[in-house]
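Subject: Structure for your review

Dear colleague,

Please find the structure below, together with its sequence.

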Amino acid sequence: MSLIHNEQTKLTATALNNVAVAFVIAGFVGPMVAVGYGSEAMARDSIAILVSIVWLFVGFILHSIAKLILRDLKP
């Protein structure tokens, strides 16, 4: 039974980590690349940069939660 539990736990952690990566790519990396290339689609004001940093922080929090979920693995 612990093998099934471990696999389900790893699947849950992987899904959450994938969401974390999506947050970082869509909310931080994408806008920072747009700013770097001087795109008119991304405003360079401090609010836009602050929102990007919030997305990065949310991605980090989700990744940390995924790591905490993995502590539930059984030997």
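By about how many helical turns are lysine 10 and glutamate 7 separated in helix H1? The two residues stand 3 apart in that helix, and the separation is therefore about one helical turn.

Before the details, a note on the basis of this account. The model is predicted: local features need pLDDT of at least 70 and side-chain atom pairs count only at pLDDT 80 or more, while totals for chains, interfaces and linings use all residues. Residues are numbered from 1 along each chain as its sequence is written, and side-chain values use heavy atoms, with hydrogens and water left out.

Overall form

The protein has 2 helices and 0 strands; helices (H or I, at least four residues) and strands (E, at least two) are DSSP runs, numbered from the N terminus. The radius of gyration is 17 Å, well over the 11 Å that the globule rule gives for 75 residues, so the protein is more spread out than a compact globule. That radius is taken over C-alpha atoms, and the rule is 2.2 Å times the number of residues to the power 0.38. Along the principal axes, the C-alpha atoms fill a box of roughly 55 × 15 × 10 Å.

Among contacts (heavy atoms within 4.5 Å) with a separation of 6 or more, 76% are between residues 24 or more positions apart. The accessible surface comes to about 5,400 Å², and carbon and sulfur atoms hold 73% of it. Accessible areas come from the Shrake-Rupley method with a 1.4 Å probe; for residues, only the protein chains shown count as cover.

Core and buried positions

Of the 75 residues, 20% count as buried; buried means under 20% relative accessible area, exposed over 50%, and partly exposed in between (1.4 Å probe, protein chains only). The largest nonpolar core consists of 5 residues, namely Ala13, Leu16, Ala20, Leu62 and Ala66. Such a core is a set of buried Ala, Val, Leu, Ile, Met, Phe, Trp, Tyr and Cys residues joined through side-chain atoms within 4.5 Å. Both H1 and helix H2 (46-70) supply at least two residues of this core, and H1 gives the most, with 3 residues. Leaving out residues up to four places away in sequence, alanine 66 touches Ala13, Leu16 and Asn17.

Asparagine 6, in helix H1, is buried, with a relative accessible area of 13%. Beyond its neighbours within four places in sequence, asparagine 6 is in contact with Leu73 and Lys74.

Surface features

A nonpolar patch on the surface is formed by Val21, Ile25, Val29, Val33 and Tyr37, with about 490 Å² of accessible area together. Patches are made of residues with over 30% relative accessible area and no salt bridge: like charges are joined within 9 Å, nonpolar side chains (Val, Leu, Ile, Met, Phe, Trp, Tyr) within 5 Å. Isoleucine 25 belongs to helix H1 (residues 2-36) and is partly exposed, at a relative accessible area of 47%. Isoleucine 47, in helix H2, is exposed, with a relative accessible area of 54%.

The whole structure contains 1 salt bridge, a term that denotes a side-chain nitrogen of Lys or Arg within 4 Å of a carboxyl oxygen of Asp or Glu. Lysine 10 forms a salt bridge with glutamate 7, with 3.0 Å between the closest N and O atoms. Lysine 10 is partly exposed at 36% relative accessibility, as is glutamate 7 at 41%.

Yours sincerely
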